Amino acid sequence: MNASMNSIIVALDVNTTSSVDQLLDQLSQTDDRPAVKVGMELFYSEGAAMIRHIQQRGFDIFLDLKLHDIPNTVERAAYQLGQLGIQYTTVHALGGKAMIAAAKRGLQQGAQQAHVTPPKLLAVTELTSISEKMLVNEQHVSLPMTDQVRQLAQLAEAAGADGVICSPQEVTTIKPFVNDNFLLVTPGIRLTTNPADDQQRVMTPRQAAEAGSSAIVVGRPITQSNQPADAYMTIKKEWLIHD
């Protein structure tokens, strides 16, 4: 995602400091140090103290809270997140252009207040748990999934976001319509030996690399493995075609 960050992000799908430390101990044994994703469960359990704890252990952080509210509320929340010294955070693109722009302002102002670099803002398009059928029957969206995600990506870029979260299946559709430095970060990554779990739109690391993903987010295939460090290295070997 940038020169200083590994483009594999490991989702810390746990909720205690001891569980985090066990995973970080494993990931510290690898030949590089991936960024880690702190999601709602962990952040709501441990708060900003967990962010500081992970930073002290030398890991870059993707704080994935998917802000989605009226622009004023999101801007004030983003101001707080901007002070944390994290590298990436998220909003929902479905919140609209004004909300995304408000999040960007809040992050920049918070970072300025704390004298840290502002985090990159990534807009979530459609969750990888959403299927084409759910898009039509539950969200009542008449566009095909690829068109819906592409339009949300274009909206996010116009609003000042640095990239989007999308499934790897939509990357090739989005790339021709956004700038080269616009980040396409893809969860829904599974090895052929992994179950899909609750994900609907998935690819292998190699397929995501070939599609042109900027970075991949991998959780359960690593965190629920008996050997997380080995699982990470297996995924990395597949992903290296990206380089």
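1. Some ground rules. This is a predicted model, where local features need pLDDT of at least 70 and side-chain atom pairs count only at pLDDT 80 or more, while totals for chains, interfaces and linings use all residues. Residues are numbered from 1 along each chain as its sequence is written, and side-chain values use heavy atoms, with hydrogens and water left out.

2. The overall picture: the chain has eleven helices and eight strands. Both kinds of element are DSSP runs numbered from the N terminus (helices are H or I with at least four residues, strands are E with at least two). The C-alpha trace spans about 45 × 45 × 30 Å along its principal axes. Of the 243 residues, 51% count as buried, where buried means under 20% relative accessible area, exposed means over 50%, and partly exposed is in between (1.4 Å probe, protein chains only).

3. How do the contacts run along the sequence? Among those between residues at least 6 apart, 70% join residues at least 24 apart. Contact here means heavy atoms within 4.5 Å.

4. Back to Lys 66, which sits in strand 3. Leaving out residues up to four places away in sequence, Lys 66 touches Met 40, Thr 90, Val 91, His 92, Val 124 and Leu 127. Lys 66 also forms a salt bridge with Asp 64, with the closest N and O atoms 2.7 Å apart. For the term itself, a salt bridge is a side-chain nitrogen of Lys or Arg within 4 Å of a carboxyl oxygen of Asp or Glu. By this rule there are eight salt bridges.

5. Asp 64 has another partner, Lys 37, and in that salt bridge the closest N and O atoms are 3.4 Å apart. Lys 37 belongs to strand 2 (residues 35-38) and Asp 64 to strand 3 (residues 61-67), so this pair ties together parts that are 27 residues apart in sequence. Lys 37 is buried at a relative accessible area of 13%, and Asp 64 is buried too, at 7%.

6. Which parts does the salt bridge of Lys 104 and Asp 162 tie together? The closest N and O atoms of this pair are 2.8 Å apart. Lys 104 is in helix 5 (residues 97-114), and Asp 162 is in the loop between helix 7 (145-158) and strand 6 (163-165), so the linked parts are 58 residues apart in sequence. Lys 104 and Asp 162 are both buried.

7. Helix 11 is worth a look. Its buried residues are Pro 228, Ala 229, Ala 231, Tyr 232, Ile 235, Lys 236 and Trp 239. They cover an arc of only 160° around the axis, so they lie on the same side of helix 11; the arc is that of the directions from the helix axis to the C-beta atoms. The buried residues pack against strand 1 (8-11), helix 1 (17-27), helix 9 (205-211), strand 8 (215-218) and helix 10 (220-223).

8. A last stop is Thr 223, found in helix 10. Thr 223 is buried at 15% relative accessibility. Setting aside neighbours within four places in sequence, Thr 223 is in contact with Val 10, Ala 11, Asp 13 and Leu 23.
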